[in-house]
Structure formats: C-alpha cells, structure tokens
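Student: Could you take one part of this protein and walk me through it slowly? I'd like a close look at a single residue and its surroundings.

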Amino acid sequence: YMMRWRRISFEEEPIINTEDNSVLYYELLSRVRSVGVLDFINAMRRSNLLTFHTILMIEAVRVAKSNNSHDKYGVNICPSTLVGANFEKLKPHLAAMEANEFVAEITEYSNIGYGGEVIDNIKAIKKLGITIALDDFGTGNNNIEIISAISPTYLKLDRCFVKDIESGEYHQGVLLNISEIGRLSNMTMIYEGVETRRQQYILCQLGYKLHQGYLYSRPQRATE
C-alpha cells in the first residue's frame, strides 16, 4: 500500500440535480495509476488496510473543507470497516466532520454483509449528524430489510439498472419497480451511470432527477 501511495490521486464526481443543474454533493474517489479500483480495494482488504485508507479519505475531505472547497462530499465506507476495532479507529474521524456536510456511502465491497453490529454502527454514524447513502442499491446485500433497518437518506441505484433503459419497456419496468421501493420508503433515489442524453431524458420523464455519470462529468482531479 505505501509503495502505491505515491501513485494515488483523489478525484471527485458530482451528483447532479437536473431540475436546476446544481450539485447535490461530490463523491470523493481514490485512484491508483495502472491498478483497477476493485483490485486495489481487494489488496487493501487482504492487507487489513481498508480502514486506514478510509480514514485518509475522510481526512482528505476535512482538509478540502478547511480550504473552502465544495460544500458537501461523500466517501465510500465498506461494511468491513464498521465492525470491531476497525470502527473504533474510524469513528473519531467521522465525529470530527461537520454535521450534514458529509455523506457516508455504505458500499457493497464486502463479504461480511450487514450484520447487527454493522447496522448498529451505521445508526451511530447517523447520530453524529452524518448523512447516509446506500450505494449500489439493487445488488448484493442491499435489500428492503436493510433499508428498513438503517433508513438511509439516499439510495444510489446501481448503474446496471440504468445502462439498458434505452432498450425498451422491460428494462424501464425493472427500473420503475426498484425505484418504487425508494418512493414507498420515503427515500431519495440517485441514479448512477448516466452516460447518454437518451438515458437522461428517460429518467427525467419518469421523474427521476438526481443523476451521476459521465454525461455530466468524468471524475476530476480534486483540488488540493
């Protein structure tokens, strides 16, 4: 990890409110030259360094905020960092963030799922005033029971449900059914992977206004 640290860059990708083209918040991402995202995450997990990396991401947001950067950032947080000693290390850094100006995006990059301890610690994060987003919704361990247990503010619908909506009514129907879960749960949906004007048009016609994807902006190098 430390050998690769010099090759790490921080990038930001906006979540866009298409009603007025404003930015809801910026997702902060880390990238390593010549290494895929999942390969890097798996390498950190094997080396037990994922919590350390998450703390560095949170601290990068804190520094950006102190330099009068964007109003609101989101950072991916893996369930494996929300158990045992990992969470004890992580929590003070989360507690130092300004309430309502930070989004914890709970991801699917984990093999442990959402056990009772993970759910309790997500609730503890919410008590700090931090906004919770459930990332990659519709895949893996993310399900209705988890939504009910943690009541996230945002559900980020995985890009796999967006990429084929131009193909016809079947794929649009799948999107509608999954989106209905968010509506009935009184949670705000964010649609990932929006890459074409046609996808944008279909989503907006369906009343889905919050988008993220290359159509709006590829991840940009974060201002240091």
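Student: Is S179 buried or exposed, and why does it count that way?

Tutor: Before we zoom in, keep in mind that this is a predicted model. The chain averages a pLDDT of 86, and 85% of the residues score at least 70.

Now to your residue. You'll find S179 in helix 7, which covers residues 169-184. S179 is buried, because its relative accessible area is 3% and the cut-off for buried is under 20%.

So what is around it? Leaving out residues up to four places away in sequence, S179 touches M189, Y191 and Y208. Take M189 from that group: it sits 10 residues from S179 in sequence, and the two C-alpha atoms are 7.1 Å apart in space.

C160 has 32% relative accessibility, so it counts as partly exposed. And if you were wondering about disulfides, a search of the whole structure finds zero.

Conventions: Residues numbered from 1 in each chain as written. Predicted model: local features only at pLDDT ≥ 70, side-chain atom pairs only at ≥ 80, totals over all residues. Heavy atoms only, no water. Disulfide = S-S within 2.5 Å. Buried < 20%, exposed > 50% of the residue type's maximum accessible area, 1.4 Å probe, protein only. pLDDT = per-residue confidence, 0-100. Helix = DSSP H or I, 4+ residues; strand = E, 2+ residues; numbered from the N terminus. Contact = heavy atoms within 4.5 Å.
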